[in-house]
Amino acid sequence: GKDLRGGCVPLFMKVGFVLTDMSEVGKGNFGCLPINREPEWEEVEATRSDGSVRSRKAVVNAHTLLLKAGTAVLFEQCWHSGLSNANNVADRCVMYVQYARRILQP
């Protein structure tokens, strides 16, 4: 769709409000990759705070964002994921809000 200035209005837009500190690598950071690049997956092991080991797939070519609590991240059309939370004793908390343009007309 077009806005009043002639530009395109996005189909949807997300905002992530960071509630816990993720200013260092390994704190469950937000990882993103442009939509025109294919994610590269790799099997990784993570040790939980209780000492148990968990295996999962992770994107290894994502850009790692280092974000402080209180930061808002605005994004559209990208691969995105939470990354390793190995160095954080607490869970990471991010609140997401999504705007979606109405595409169905009554």
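Predicted model: local features only at pLDDT ≥ 70, side-chain atom pairs only at ≥ 80, totals over all residues.
**View 1**
E3 supplies the largest share, with 4 residues. By class, the lining of the second largest pocket splits into 9 nonpolar, 5 polar and 3 charged residues.

**View 1. Thr 20 in the loop between strands E1 and E2.**
The loop that holds Thr 20 runs between strand E1 (12-18) and strand E2 (30-34). Is Thr 20 buried or exposed? Its relative accessible area is 19%, so Thr 20 counts as buried, the cut-off being under 20%. A polar atom of the Thr 20 side chain lies 3.0 Å from the backbone nitrogen of Cys 93. Beyond its neighbours within four places in sequence, Thr 20 is in contact with Ala 69, Asp 91, Arg 92 and Cys 93.

**View 2. The largest cavity and the residues around it.**
The model has 1 cavity of 30 Å³ or more. The volume of the largest cavity is about 30 Å³. Gly 16, Val 18, Met 22, Phe 30, Leu 67, Val 73, Val 94 and Tyr 96 line this cavity. Two or more lining residues come from each of E1 and strand E8 (94-100). The lining of the largest cavity holds 7 nonpolar residues, 1 polar residue and no charged residues.

Notes
Residues numbered from 1 in each chain as written. Heavy atoms only, no water. Nonpolar A, V, L, I, M, F, W, Y, C, P; charged D, E, K, R; others polar. Buried < 20%, exposed > 50% of the residue type's maximum accessible area, 1.4 Å probe, protein only. Polar contact = N/O pair within 3.5 Å; in protein donor to acceptor, adjacent residues only side chain to side chain. Contact = heavy atoms within 4.5 Å. 1 Å grid on protein atoms, 1.4 Å probe; cavity = no way out; pocket = protein on both sides within 12 Å on 5 of 7 lines; lining within 4 Å. Points joined across faces, edges and corners; volume = space filled by probe spheres on them.
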